[in-house]
Structures are given as C-alpha cells and as structure tokens.
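Hello,

Here is the structure I promised to pass on to you. Please have a look at it first, and then read my notes below.

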Amino acid sequence: MKLEERYKVIEFVDLGDERGNLVVIEGEGMDIPFDIKRVFYIYGSDSTVVRGQHANKETEFLLVNVSGTSKVRVDDGKESVVIELNKPRMGLYLSSMLWKDMYDFSKDSVLLVLASRHYDGKEYIRDYDEYLKMIAMER
Ligand code: TYD
C-alpha cells in the first residue's frame, strides 16, 4: 500500500452559527472510518518537543489541533510526509502501521486524538528498525 493510501486529511463540516463554531466528528464510517474507543489530548508541549516516535500494529487514529498548531511527520518506512495541523476543522486520519512524529507544537496547541482501540502498550512499536522489519514483512 502506498503512503498516500495510509493517511487522509479530512475537513469536517462546521455547524456553527452566530453563536460560534461547532464541529462534529462521528465514528463508524460516518466522518471517520473507525469506531471511536479512546480519546486523549496533548497540550503543554512546545516547539522543542518531539512526541510519538512509534507505530501501532492495530490502532487507527484521527488527530485534530482543536487549538493552536502542530506538525505530524508520517512515515511508511519508504517515504515520509509532513502535515501541519492548523485548523480545528482539519483532521488527520492515520491507519495502523505508520510511523509518526508530532512536533513543533505552538504554545496554545491542544492536539486531540481519537483512537480505534483501547490503550495496549504491546501494540506499540517504539524501535524504528523493528518497524522497518515488520513493514517489510507486510509488503
Ligand atoms: P506516549 O506514547 O509516550 O505519548 P505520545 O504518543 O504522545 O508521545 O505516552 C506517554 C505515556 O502515557 C506512556 O507511559 C503510555 C501512557 N499512555 C496511556 O496509558 N494511554 C494512552 O492512551 C496513551 C496515548 C498513553
């Protein structure tokens, strides 16, 4: 599978009106391809921090900078691409088995992450060489 088939930038509909903005993300194939099992958010990271640096064997993710901005480098072991998250309406869908780094967080960055699975440390690949071996077997 090519890198561009493993991730997707999604623009969500804004249901806002004169009272303000309202963005809805429905799971199970409506707005994003998976059923949402877990939500976490990252804030208080700054421009010197690199987070992530792992791949997940099973979990799919959807990332949204609901406040501020950050960058995500997505790598499939062959190619990489950098996506800047800079709008609360913009989501980045990541399939499983992608190596990802999150960095360059603005001071006001709140990075919301929706996940398709509950947390399980055993499905994290934290060693890049191990990731390369596993992805080579998949190909
Ligand atoms: P870590 O994977 O380093 O976060 P990031 O991907 O943002 O760099 O997670 C930090 C710690 O939090 C680590 O001990 C695992 C734990 N953790 C959970 O218990 N549940 C979760 O859903 C997440 C994302 C992390």
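A word on naming before the notes: helices (H or I, at least four residues) and strands (E, at least two) are DSSP runs, numbered from the N terminus. Please keep in mind that this is a predicted model, in which local features need pLDDT of at least 70 and side-chain atom pairs count only at pLDDT 80 or more, while totals for chains, interfaces and linings use all residues. Residues are numbered from 1 along each chain as its sequence is written, and side-chain values use heavy atoms, with hydrogens and water left out.

Let me begin with two backbone details. E28, in the loop between β1 and β2, has a positive phi near 55 degrees without being a glycine. Its relative accessible area is 63%, so E28 counts as exposed (over 50% is exposed, under 20% is buried, and partly exposed lies in between, with a 1.4 Å probe and protein chains only). D104 is not a glycine either, and its phi is also positive, at about 55 degrees. This residue sits in the loop between β8 (99-103) and β9 (110-115), and with a relative accessible area of 30% it is partly exposed.

Now to the ligand. Around it are R38, F40, I42, R51, G52, H54, Y119, Y124 and R126, where being near means having a heavy atom within 4 Å. By class, this shell holds four nonpolar, two polar and three charged residues; Ala, Val, Leu, Ile, Met, Phe, Trp, Tyr, Cys and Pro count as nonpolar, Asp, Glu, Lys and Arg as charged, and the others, Gly among them, as polar. The strands β2 (38-43) and β3 (50-56) each contribute at least two residues to the shell.

A polar side-chain atom of R38 is 2.4 Å from a ligand oxygen, and for a polar side-chain atom of R51 the distance to a ligand oxygen is 2.9 Å. G52 uses a polar backbone atom, 2.8 Å from an oxygen of the ligand. The ligand taken alone exposes 520 Å², of which the protein buries 58% (Shrake-Rupley method, 1.4 Å probe).

Leaving aside residues up to four places away in sequence, its contacts include D76, Y93, I135 and E138 (heavy atoms within 4.5 Å).

Best wishes

Technical notes. A polar contact is a pair of N or O atoms within 3.5 Å; within protein, one must be able to donate a hydrogen and the other to accept it, and residues adjacent in sequence count only if both atoms are side-chain atoms.
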